[in-house]
Amino acid sequence: MEHKKAVITTCTQFVVICLLVVLRAEERTDDGGGWSLNSDFRLQDEGPCNIDVFDSSSLSYQQFIERYAYRRPVILKGLTDNTKFKLMCSKSSLLQHYGDRRVRLSTANTYSYRKVDVPFQEYVDIFLRPQSTDTLGSDTLYFFGDNNFTEWQSLFQHYESPPYVLPLTSGAYSFGIAGPGTGVPFHWHGPGYSEVIYGRKRWFLYPPEKEPHFHPNRTTLSWVTETYPHLPEDEAPLECTIRPGEVLYFPDRWWHATLNLDTSVFISTFLG
Ligand SMILES: O=C(O)CCC(=O)C(=O)O
């Protein structure tokens with residue numbers, strides 16, 4: 001009997017070790033920082049990209065100001081080097097350093113009303129999961145913004161924000177992590193940048209004078225599934241999917257909505 005127990009225990013330990021080895025290997029190879037494993041659910045459709053994309057070396061600050069800053073969105077590649085910040089944002093590193101800190105979650109509707117505070121570890125274990133199409137924005141809790149800059153200062157101080165700042169403005173950060181299919185429905189505010197550290201994020205934008213048709217309590221995922229495919233050509237949004245190493249600039253008061261295609265770690269810099 002004792003021998004049988006010992007064999008079972010040894011086998012169980014062996015299986016657990018094998019699983020851990022596989023998981024760690026996957027973490028190392030997928031460069032999703034351990035947030036999104038190769039086997040995980042992710043959205044495949046990146047959509048078209050009809051926003052101007054530049055290598056940052058081919059668009060000077062002066063050109064950015066003249067052509068884009070007050071006129072239309074643009075995506076810049078290689079504008080910042082956030083290699084160190086990225087390493088610090090891996091799942092294991094963030095959980096190790098901030099797992100017991102409380103984070104403030106907001107409902108993902110246009111006029112974000114409800115706020116819920118949970119330990120970061122609990123957010124990762126329980127709330128961080130794929131979005132289902134029929135869940136309302138008011139029932140989706142999203143970790144983005146409302147960051148505690150005192151507690152997380154040791155992380156944010158390593159973020160290199162886009163250097164093309166609008167005159168007379170300074171940047172305020174908004175950091176988040178969310179599952180595939182999540183995102184923020186259409187809304188607008190001041191100008192800023194969005195960068196994904198891990199994962200891909202699909203963006204939809206309309207100029208201030210062209211308010212899109214959307215329901216403020218439906219998620220971006222439901223808008224993409226139900227409304228977007230039927231849009232007449234002249235109501236099509238500007239859109240693109242951004243990846244790590246790229247930043248998207250949105251001008252003042254442009255309508256925008258986001259859709260995380262993978263589990264994503266991301267940060268916005270609001271210029272005000
Ligand atoms: O990154 C996101 O999902 C939301 C970004 C956004 O809407 C914003 O920066 O205002």
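1. Let's start at Pro 212, which is found in the loop between strand E8 (201-206) and helix H7 (220-227). Helices here are DSSP runs of H or I with at least four residues, strands are E runs with at least two, and both are numbered from the N terminus. A word on the model: it is predicted, so local features need pLDDT of at least 70 and side-chain atom pairs count only at pLDDT 80 or more, while totals for chains, interfaces and linings use all residues. Residues are numbered from 1 along each chain as its sequence is written.

2. The cut-offs: 20 or more other C-beta atoms within 10 Å of a residue's own make it buried, 12 or fewer make it exposed, and anything in between is partly exposed, with C-beta atoms placed from the backbone. Setting aside residues up to four places away in sequence, Pro 212 touches Phe 186, Tyr 206, Pro 237 and Trp 255. Contact here is taken as C-beta atoms, placed from the backbone, lying within 7 Å. His 256 sits 44 residues from Pro 212 along the chain, and their C-alpha atoms are separated by 9.2 Å.

3. His 256 also turns up around the ligand, together with Phe 144, Gly 183, Val 184, Ser 194, Thr 258, Phe 266 and Ser 268. Two elements give two or more residues each to this shell: strand E11 (255-260) and strand E12 (264-271). By type, the shell has three nonpolar residues, five polar and no charged. For that tally, Ala, Val, Leu, Ile, Met, Phe, Trp, Tyr, Cys and Pro are nonpolar, Asp, Glu, Lys and Arg are charged, and the others, Gly among them, are polar.

4. E11 belongs to an open sheet of three strands, ordered E9-E8-E11 with antiparallel pairing. Strand E9 (238-242) and E11 are the edge strands, each pairing on one side only. From one strand to the next, the twist averages 15°. Angles run from 0 to 180 degrees between N-to-C directions, using axes fitted as lines to C-alpha atoms, for helices over the stretch in contact. E8 and E11 pair over six bridges, and Arg 202 has Leu 259 in E11 as its bridge partner. Strands count as paired if DSSP finds at least two bridges between them.

5. E12, the other contributor to the shell, sits in an open sheet of nine strands with mixed pairing, in the order E1-E2-E10-E7-E12-E6-E5-E3-E4. Strand E1 (52-55) and strand E4 (115-119) are at the edges with a single partner strand each, so one side of each has no neighbour in the sheet. The twist in this sheet averages 30° from one strand to the next. E12 runs antiparallel to strand E6 (residues 171-178), joined to it by eight bridges; one of the pairings puts Ala 178 with Ser 264 in E12.

6. Helix H5 (residues 120-127) lies across strand E3 (102-107), E4 and strand E5 (141-144), at about 105° to E4. Its buried residues are Phe 120, Tyr 123 and Val 124. They sit on the same side of H5 because they cover an arc of only 95° around the axis, where the arc is that of the directions from the helix axis to the C-beta atoms. The buried residues of H5 pack against helix H4 (91-98), E3, E4 and E5.

7. Beyond its neighbours within four places in sequence, His 158 contacts Lys 84, Phe 85 and Met 88. Asn 82 is 76 residues away from His 158 in sequence, yet 7.9 Å away in space, C-alpha to C-alpha.

How values were computed
Near = placed C-beta within 6 Å. Contact = placed C-beta atoms within 7 Å.
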